[in-house]
Amino acid sequence: MFEFSQLAVPIVQAPMAGGLNTPQLAAAVANAGGVGSFGFAYTRADKIAADLAKTRALTQGPINANFFVFQPVESPSKKVLASALQALSELPLEVSGELVIPTSPFFPDLEQQLDAVWAHPPEILTFHFGLPSSALIHSAHSKGICVGVSATNKEEGTAIEKSGADFIVAQGIEAGGHRGIFDPLACDSELPMADLVKQLVDATTLPIVAAGGLMTGQEIGGAIDLGAAAVQMGTAFLCCEEAGTSATYRQMLLSKEGRNTVYTSGFSGRRAQGIENQFIRLMENKPTLAFPIQNTLTGPIRKQANVDNDPEYQSLWAGRGYAKSRSMPVSELMQVLQSEMEQF
Ligand SMILES: Cc1cc2nc3c(=O)[nH]c(=O)nc-3n(C[C@H](O)[C@H](O)[C@H](O)COP(=O)(O)O)c2cc1C
């Protein structure tokens, strides 16, 4: 079974749902000595199978398939739906009139998605937003697949250890994308990555993968010094030429405008961190539907903004270190990160 000690470079390219991970990106990272990942949260089984098969044809290195642990969600009441639709219809956009009200099932069936994984087994399977069932962990282990789960605090970390999973992704508040906290209604301690890594190294015996705001080799060295077995970096790979990132999204990551990153629930119904834009500002304190119904509802807005090259109405998920983004092929970025680590 996969172990972090076998990596030539202790870097996991983060799973990033929404078409950003490509077979070319994952394979290039794995071929350069790290782990290449896919965020398959919303992906259909046939596409998962195709992506995994294509990646395996490009690399024998370690691949990670990542899924969300969706909580059951009820259809919104008429009143809740009306207020969420009202909030979106007030946006200065034509597409708001074309919004389609999502119907059940609100998220893909994990069992079906996993059939594609078992048919094209990756080395690693990871989960965000909670624990997978013990039966699932057992199935993965019986197939020689190593299992990891994201934690945002010590309690989640110890629950992951008890579940029988093999490693913990310590997601600090600096991280881009969705906050992996198990209970989205619980008070979030918002621990910075370094504090969380130290707490998890002390409280558990599992390997810890540090995630959140890491963009340079020096920063990787710092996380490893705290006891992390590896790091998980998402934003740092978004401007690699192999990534599925759109031209507008890349421009925003590389722009010298100096916009802040903020957390918003406006796009999906769960807190996620990205570069601040008009949508986030206008949706502040506005009613939203539960995750992931809000994500489906805002889909046409984000899609249209993408077609229009409009950065103001699409989700520009990014960690707090995004200003250090570098635009280069994966092989070059991995070399630069390695040489920076050596200087640490
Ligand atoms: C665009 C984007 C999408 C993400 N999607 C996922 C996902 O599908 N699954 C997951 O476990 N983490 C996801 N994350 C979070 C990453 O796993 C990781 O915590 C984060 O990238 C680390 O912070 P950084 O972006 O500053 O490197 C995403 C992050 C980004 C930037």
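Analyst: Axes are lines fitted to C-alpha atoms, for helices over the stretch in contact, and angles run from 0 to 180 degrees between N-to-C directions. Helices (H or I, at least four residues) and strands (E, at least two) are DSSP runs, numbered from the N terminus. On these terms, helix H1 (residues 23-31) and H13 pack at an angle of about 35 degrees, with axes 9 Å apart. The model is a predicted one: local features need pLDDT of at least 70, side-chain atom pairs count only at pLDDT 80 or more, and totals for chains, interfaces and linings use all residues. Residues are numbered from 1 along each chain as its sequence is written.

User: Which residues make the contact of H1 with H13?

Analyst: Leu 25, Ala 28 and Val 29 of H1 meet Val 330, Ser 331 and Met 334 of H13; contact requires C-beta atoms, placed from the backbone, to lie within 7 Å. By class, 5 are nonpolar, 1 is polar and none is charged. Here Ala, Val, Leu, Ile, Met, Phe, Trp, Tyr, Cys and Pro count as nonpolar, Asp, Glu, Lys and Arg as charged, and the others, Gly among them, as polar.

User: Why are H8 and H13 called oblique to each other?

Analyst: The axes of H8 (residues 217-225) and H13 (residues 330-343) cross at roughly 55 degrees and come within 7 Å. Angles under 35 degrees count as roughly parallel, over 145 as roughly antiparallel, 65 to 115 as roughly perpendicular and the rest as oblique. H8 and H13 are therefore oblique. The residues of their contact comprise 3 nonpolar, 6 polar and 1 charged.

User: What makes strand S6 largely enclosed by the rest of the structure?

Analyst: A residue is buried if 20 or more other C-beta atoms lie within 10 Å of its own, exposed if 12 or fewer, and partly exposed in between, with C-beta atoms placed from the backbone. In S6 (residues 167-171), 5 of the 5 residues are buried, so the strand is largely enclosed. Phe 167, Val 169 and Gln 171 cover one side, and Ile 168 and Ala 170 the other.

User: How do you know that S5 and S6 pair, and in which direction do they run?

Analyst: Two strands pair if DSSP finds at least two bridges between them. S5 (residues 146-151) is joined to S6 by 4 bridges, and the two run parallel. Ser 150 has Val 169 of S6 as its bridge partner.

Notes:
Contact = placed C-beta atoms within 7 Å.
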